Amino acid sequence: MSQVTGNLESQRRQYDLAGAAEPVGFASMTVIDDDLGRSGSGLMQRPGFERLVAMVCSGDVSAVYCIEASRLARNGRDWQHLIDLCALAGTLVVDPDGAYDPRLVNDRLLLGLKGTMSEYELSLMRQRGIAARDSKAKRGEFRFMLPPGFCWSEADKVEIEPDEHVADTIRLVFAKFRELGSARQVFLWLRSADIKMPVVRRNVEVCKLVWKPPAYHSVMQILHNPLYGGAYAFGRTAQRTRIVEGRARKASGFRKSRDEWHVLLRDNHPGYISWQEYEENQKLLLENAHMKKNCARKSARGGRALLTGLMRYGRCGRMMRVFYGMAKGNAHRYQCRGDDAYVGAGLCIGIGGLRIDRAVALQILEAVSDRAVEAAIFASEQAERSRKDIVAAVERELEAARYDASLPGVVTNWSTSSSAMSHANSRLAGRMRWTAWPHWSAGSRSCVGSVGDTPKGRSRPFASACP
């Protein structure tokens with residue numbers, strides 16, 4: 001696509017072919033440009049080539065003008081098919097070297113050689129390009145679109161994004177994952193806090209950073225990307241070829257195992273976490289997954305039962321399933337189906353769930369009872385830390401909106417920044433007000449705060465003295 005937008009000289013030459021056909025005596029010319037930006041290798045849909053074949057088959061085309069054979073097809077199947085149809089319909093093939101009649105043996109031989117050389121030229125250029133790309137990637141200098149939080153330096157090195165708003169948001173994701181231990185919980189926390197995430201959008205060669213509401217796949221991409229661990233990784237996905245309607249079609253985006261990556265250079269650039277932390281995060285994400293083999297370690301599941309997804313039968317080692325009663329309020333049961341689903345051998349065991357859940361809950365409470373005060377203090381500190389993270393994120397968003405509004409630009413840009421500032425101010429005031437009015441009762445004592453404006457124009461709370 002970049003060749004279509006940047007290298008326009010060859011495109012002009014192809015459009016000039018219509019002017020070259022008029023002096024020869026052709027009454028009408030049809031320009032087919034539906035395949036601009038599409039490869040002629042035969043691995044992708046080409047509506048323009050299909051339209052050309054249909055017009056040749058109709059018998060209404062006297063000649064096909066092209067700069068060279070590679071402009072029509074770069075694979076032998078499409079090229080020979082077109083030549084056969086031109087021979088049947090009596091259509092000439094014209095290029096700058098001359099006019100060829102596919103019905104003549106010599107002209108058909110020459111056209112076949114041109115198609116073969118065009119296919120070989122494409123394979124040779126692809127081979128050279130891939131070799132040069134891989135060689136540069138092994139040095140960690142091959143440029144590709146970086147995830148949010150990184151940028152390329154002038155020396156072809158990966159650097160942390162100088163925008164503190166972006167960098168602090170990425171650090172917040174990793175800090176919350178260490179605290180909560182679950183990617184979904186991080187996503188839910190970001191959604192509840194109304195914190196926007198940076199997302200990179202690409203349009204040909206221009207990459208633009210935009211702020212969008214958090215999405216689960218965005219959080220997972222940040223946690224799984226090794227670049228955040230300071231490693232340069234290239235070739236993490238692969239392409240697969242499949243046959244669709246008799247033609248080869250390529251599909252990309254298939255993940256490969258780490259052993260199959262083309263390049264992995266650890267400690268290549270400053271990261272948001274260390275490589276050891278990245279490895280620990282991957283292990284935790286793998287353990288959090290539930291759809292795995294029967295004997296693999298899995299995460300717990302939701303539901304009324306306490307041990308959903310955690311209990312196994314000691315004799316066969318299979319996961320015990322939970323079955324809930326049909327009527328409202330009925331107790332649940334844990335059952336091991338064994339080989340009943342395959343050979344009809346019957347159930348291994350089935351037991352009621354209330355007594356087991358009660359016994360496990362008592363054991364858990366007994367284990368943590370000695371440290372109940374410490375756990376309460378930790379929970380309080382965690383809630384306060386979470387509140388501070390939200391306030392800091394909203395303040396960064398407000399600062400970014402103020403900066404955008406201060407830039408000279410059109411009125412729409414100013415109005416957008418102004419609305420963002422108003423939204424951030426209301427969120428910040430709401431968080432501050434929640435902190436400034438901590439209503440609690442301890443006997444007859446109470447504490448009430450209020451919100452005022454500081455001389456700098458930023459709202460912040462102040463609490464009155466408690467008796």
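A residue counts as buried when its relative accessible area is under 20%. The legends below refer to a predicted model.

**View 1. Cys86 and the cysteine sulfur closest to its own.** Cys86 has a relative accessibility of 0% and is therefore classed as buried. The closest cysteine sulfur to that of Cys86 belongs to Cys57, at 8.9 Å. Because a disulfide requires two cysteine sulfur atoms within 2.5 Å, this separation is too far for a bond. By this criterion, the number of disulfides is zero.

**View 2. Arg139 in the loop between α6 and β4.** The loop that holds Arg139 lies between α6 (105–138) and β4 (150–152). With a relative accessibility of 45%, Arg139 counts as partly exposed. When residues up to four places away in sequence are not counted, Arg139 touches Lys157 and Leu265. Arg139 and Leu265 are 126 residues apart in sequence, and their C-alpha atoms are 8.5 Å apart in space.

**View 3. The open sheet formed by β12, β13 and β14.** Three strands make up this open sheet in the order β12-β13-β14, and their pairing is antiparallel. Its edge strands, β12 (321–323) and β14 (349–352), each pair on one side only. On average, neighbouring strands of the sheet are turned by 25° against each other, with direction ignored.

**View 4. Pairing of β12 with β13.** In general, strands of a sheet pair through backbone hydrogen bonds, in either a parallel or an antiparallel sense. Here, β12 and β13 (residues 333–336) are joined over three bridges in the antiparallel sense. Val322 stands opposite Tyr334, a residue of β13.

Terms used. Residues numbered from 1 in each chain as written. Predicted model: local features only at pLDDT ≥ 70, side-chain atom pairs only at ≥ 80, totals over all residues. Heavy atoms only, no water. Pairing = 2+ DSSP bridges. Helix = DSSP H or I, 4+ residues; strand = E, 2+ residues; numbered from the N terminus. Axes fitted to C-alpha atoms, helices over the stretch in contact; angles between N-to-C directions. Buried < 20%, exposed > 50% of the residue type's maximum accessible area, 1.4 Å probe, protein only. Contact = heavy atoms within 4.5 Å.
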